Amino acid sequence: MAQLKFECPICHEFLVVNIRDAQVRYSLRNPVPIVVTHGDPEHAITLFVDKEYRLRAISGSNIVERAEEAKAARKPLTRRFVPVPMKGQVDLDDLNSFQIQVLALVDGKRSVDELAQVLGVATMRVKILCEQLVRLGKIESVQVVIE
Ligand SMILES: [Zn+2]
């Protein structure tokens, strides 16, 4: 286990994350993308850590865009799209960092709208990306939940 201290590029808060050895050792990518969510409103950042646990890069989503998205999402929704993760490990080799960020947050509970809010991007972008990830065999499916 390694601890990494870094400044969030979005809220400038200093954060400490614990990284499990297995997360780094068995990753097919180097540097290894590690997605961290925190804060209120919640936002996501991706740390890129090399095999020696050195922080190589940080990418964050845009919180201003996220706040506007939240405002727009306030009207009641009748249908939610919930992406479902694959059972086994997924090869991240040919995915870009945005696809990896989405993939890391897909837990079978968060809807496409919630993912879009956390990532600070438009819902439609996440929806299209999830459909692509299903076709690529990176996520199981996108379920439609009617409420
Ligand atoms: Zn932050």
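Helices (H or I, at least four residues) and strands (E, at least two) are DSSP runs, numbered from the N terminus. Residues are numbered from 1 along each chain as its sequence is written. The model is predicted: local features need pLDDT of at least 70 and side-chain atom pairs count only at pLDDT 80 or more, while totals for chains, interfaces and linings use all residues.

Helix α5 spans residues 123-135 and holds leucine 133. Leucine 133 counts as buried because it has 22 C-beta neighbours inside 10 Å, the cut-off for buried being 20 or more other C-beta atoms within 10 Å, with C-beta atoms placed from the backbone. Apart from neighbours within four places in sequence, leucine 133 is in contact with Gln99, Leu103, Lys138 and Ile139 (contact: C-beta atoms, placed from the backbone, within 7 Å).

Helix α3 (residues 97-105) packs against α5 at an angle of about 85 degrees, with the axes 11 Å apart. Axes are lines fitted to C-alpha atoms, for helices over the stretch in contact, and angles run from 0 to 180 degrees between N-to-C directions. The two helices α3 and α5 are therefore roughly perpendicular, a term for angles of 65 to 115 degrees. Gln99, Val102 and Leu103 of α3 meet Val126, Leu129, Cys130 and Leu133 of α5 in this contact.

Elsewhere, 3 strands form an open antiparallel sheet in the order β3-β4-β5, where pairing requires at least two DSSP bridges between two strands. Its edge strands, β3 (32-38) and β5 (55-60), each pair on one side only. β3 and β4 (residues 43-49) are joined in the antiparallel sense over 7 bridges, and proline 33 stands opposite phenylalanine 48 of β4.

Note on methods: Buried ≥ 20, exposed ≤ 12 C-beta atoms within 10 Å, placed from the backbone. Contact = placed C-beta atoms within 7 Å. Parallel < 35°, antiparallel > 145°, perpendicular 65-115°, else oblique.
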